[in-house]
Each structure stands twice: as C-alpha cells, then as structure tokens.
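Keep the model open beside this text.

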Amino acid sequence: MSALANHAFVKMNGLGNEIVVVDLRREPGAVTATDARAVVQGVPYDQLMVLHAPRIAGTDAFVRIFNSDGSEAGACGNGMRCIADIVFKETGKAALTFETKAGLINCWQGDAPLTSTVDMGKPRFAWNEIPLAEKFQDTRAIELQIGPIDQPILHSPSVVNMGNPHAVFWVDDVNAYDLGKIGPLLENHPLFPERANISLAHIVTRERIVMRTWERGAGLTKACGSAACAVVVAAARLKRVNRIATASVPGGDLLIEWRERDDHVLMTGPVTYEFEGRFDPKLFSPIQPSPVNGLRDSHFFFA
C-alpha cells in the first residue's frame with residue numbers, strides 16, 4: 001500500500017499555484033510517481049510537496065517536489081513558501097533551510113502574515129546547464145520559433161535554468177496567444193531534452209512584467225514562482241528591467257530581486273491555506289473508478 005494511503009495532507013496555494021503538502025518527516029516511506037499521479041485524481045494540484053527528515057545537518061527538511069503528471073521538479077518557489085509557512089508556525093523560527101533536488105533553499109519569514117521570501121539560488125545560462133539539445137553561445141535569445149517560417153507566432157525566446165528549464169517569449173499581449181495549445185508543443189520540443197516551462201512575458205515598465213506560464217508537467221497555472229524568477233532575470237540580462245521587479249502573474253504579484261552581490265534570486269510573495277484532509281486509500285488501489293468531470297472529490301476526507 002502507498003505511504004500516502006489515509007495520510008494527512010494540507011491543501012494550499014501560492015497566488016493560485018495549487019499546492020498539496022505531505023509531511024513524512026517523522027515516519028518512513030517514500031512517494032512514487034504513481035502515487036503523485038493518483039493524488040491528483042482526488043485532490044487536484046500543480047505541485048505535490050513532500051517533506052522528509054533532514055539528510056544534511058543544519059537543514060529543516062529534505063523536500064521532494066512532484067508535478068501533477070508524476071514527474072519530479074527541481075524547484076517550486078510558491079511551494080517552498082507554502083511549506084516554509086507550515087514550518088515557521090511549527091518551530092517558531094524566522095529562517096529555514098530546505099534541501100531539494102535543485103540544492104539548498106533558504107526561506108525567511110516576511111513582515112506581513114503568510115508572506116515569506118525564498119532564495120531560489122543562482123540562475124544558470126549555459127546551453128548545457130539549461131539544458132538544450134544543441135549549443136547556443138548566447139541564451140538571451142535562441143533560434144526557436146513556432147508557426148510559419150516567414151510569420152512565426154512566437155520566436156527567439158530567452159532561456160534560463162532557475163532550478164528548472166525555462167523558455168521566455170517576449171510579447172506585447174500575453175493573452176493574445178492560446179498558451180494551452182502552444183505550451184505543450186514547446187514544453188516537449190526536441191530542443192529541450194528535459195522539457196521546459198514556457199512563459200509569455202510583456203515588459204510594462206522597468207519595474208513590472210506581466211506574464212503567463214505553461215508549467216512543465218502541470219500545464220496552465222495561475223502562478224509559477226521559478227518562472228517569475230526566470231522572466232525577471234531574463235529581462236534584466238537584456239537590460240530591459242531593473243534587478244528588482246514585480247512579476248504580475250494571473251494569480252497576483254511576486255516581487256523578484258536578482259541580487260547583485262551574489263547573483264542569487266529572491267522571491268517574495270504570500271500563501272493561502274485552503275483545507276486539510278486525509279487521502280482515501282482507494283486512490284492508491286490498482287483499479288480506480290473513472291473520474292467524474294475530471295475530479296474525484298469523494299476521494300479525500302476533510303480533517
């Protein structure tokens with residue numbers, strides 16, 4: 001039986017980025033890709049954040065991050081704020097350090113309730129760090145387009161690794177494109193061997209960018225923290241915004257700072273608690289009933 005059967009969870013969101021948090025710090029067990037895909041049938045989410053006991057001295061937890069398709073993500077800024085708020089309340093600490101697939105991530109409690117800052121680390125720009133399937137000397141704008149050669153719909157994205165691979169297309173209107181159709185085509189483009197998050201971004205001023213994101217392994221999302229970081233960093237590399245700017249996503253605003261002294265990217269924003277519950281063991285049975293309207297609301301219990 002899955003380690004998640006009848007296990008408690010917390011449903012949260014970061015500006016509409018749907019997060020489910022599971023705490024396994026005090027018990028054995030691991031979550032599999034199959035488990036992650038089963039969970040989304042009962043409790044729809046963008047990312048599943050699983051906390052395990054610390055593996056490194058001085059850290060507060062080892063965190064695995066699953067996308068709703070069962071794939072693992074290296075980073076999720078909105079999800080990190082969610083788990084940070086839980087651990088802030090539990091420990092009384094104002095600063096935390098988590099180990100993730102992308103490395104160590106530090107979080108600080110904000111001045112406002114339910115607000116925190118996450119250090120997303122240094123962006124990576126080399127073609128083989130993103131990674132890309134072929135070499136590009138300058139990743140501020142690479143040769144990639146979708147649509148007719150003479151009249152492409154989108155072209156020349158900036159690419160950056162912000163714990164996950166990101167491609168950013170600069171547009172005049174982020175709502176003028178069918179990102180639900182274009183996103184999966186670009187996410188799975190052969191140029192991205194590990195797939196990629198796809199963002200459309202419009203630079204409003206040197207302090208504000210409006211954006212939408214198709215998230216790798218999750219699809220359209222109201223907010224993607226690592227994408228917000230990637231967009232501001234990519235725009236700053238092009239000298240089109242300052243190193244501190246607001247990324248306006250469909251779910252709200254994130255403040256992004258690409259810190260000059262050490263190149264680390266800091267993201268500040270709020271979280272929201274939705275509900276707590278326990279996973280219905282039937283979710284993890286080999287044979288499951290077909291979903292109704294894409295959801296299985298009966299497959300969790302409210303705590």
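What follows is a short walk through the fold and its details.

This is a predicted model, in which local features need pLDDT of at least 70, side-chain atom pairs count only at pLDDT 80 or more, and totals for chains, interfaces and linings use all residues. Residues are numbered from 1 along each chain as its sequence is written, and side-chain values use heavy atoms, with hydrogens and water left out.

Start with strand S2, residues 17-24. Helices (H or I, at least four residues) and strands (E, at least two) are DSSP runs, numbered from the N terminus. Six of the eight residues of S2 are buried, so the rest of the structure largely encloses this strand. Buried means under 20% relative accessible area, exposed means over 50%, and partly exposed lies in between (1.4 Å probe, protein chains only).

Which strands flank S2? Strand S1, residues 8-14, pairs with S2 in the antiparallel sense over five bridges. Two strands pair if DSSP finds at least two bridges between them. Within this pairing, Val10 has Val21 of S2 as its bridge partner. S1 and S2 form a hairpin, with two residues between them. Leu15 sits in that turn and has a positive phi of about 55 degrees.

S2 also pairs with strand S3, residues 47-52. These two run parallel and are joined by six bridges. Leu24 stands opposite His52 in S3. To get from S2 to S3, the chain passes through helix H1, residues 33-42, in a right-handed β-α-β crossover. Right-handed means that, with the strands pointing away from the viewer, the path from the first strand over the helix to the second runs clockwise.

Now move to strand S6, residues 95-100. How many of its six residues are buried? Five are, and the strand is mostly covered. Strand S4, residues 61-67, pairs with S6 in the parallel sense over two bridges. Ala61 stands opposite Phe98 in S6. Strand S7, residues 103-109, runs antiparallel to S6, and six bridges join them. Here Ala95 stands opposite Trp108 in S7. A hairpin links S6 to S7 through two residues.

Next, the cysteines. A disulfide is a covalent bond between the sulfur atoms of two cysteines. The rule used here asks for a pair of cysteine sulfur atoms within 2.5 Å. By this rule the count is zero disulfides. Cys82 counts as buried at 0% relative accessibility. Cys107 is also buried, at 0%.

The loops hold several details. Pro131 lies in the loop between strand S8 (115-119) and strand S9 (145-146). A cis peptide bond joins Ile130 to Pro131, with omega about -10 degrees.

Ser156 lies in the loop between strand S10 (154-155) and S11. Ser156 has a positive phi of about 55 degrees, although it is not a glycine. At 33% relative accessibility, Ser156 is partly exposed. Arg195, in the loop between helix H3 (179-187) and S13, has a positive phi of about 65 degrees and is not a glycine either. Its relative accessible area is 22%, so Arg195 is partly exposed.

Is Met162 buried or exposed? Met162 is buried, with a relative accessible area of 0%. Its place is the loop between strand S11 (158-161) and strand S12 (165-170). The C-alpha atoms of Met162 and Val265 are separated by 8.8 Å, although the two are 103 residues apart along the chain. Glu207, in the loop between strand S13 (197-205) and strand S14 (208-215), is partly exposed at 42%. The C-alpha atoms of Glu207 and Val232, 25 residues apart along the chain, are separated by 9.4 Å.

The structure holds one cavity of 30 Å³ or more. On a 1 Å grid over the protein atoms alone, a cavity is a set of points where a 1.4 Å probe fits but cannot get out, and lining residues have an atom within 4 Å of a point. The largest cavity contains about 40 Å³ of space. Its lining includes Gln47, Asn67, Glu215 and Arg216.

Notes. On a 1 Å grid over the protein atoms alone, a cavity is a set of points where a 1.4 Å probe fits but cannot get out, and a pocket is an open set with protein on both sides within 12 Å along at least five of seven lines; lining residues have an atom within 4 Å of a point. Grid points are joined across faces, edges and corners, and a volume is the space filled by probe spheres set on the points.
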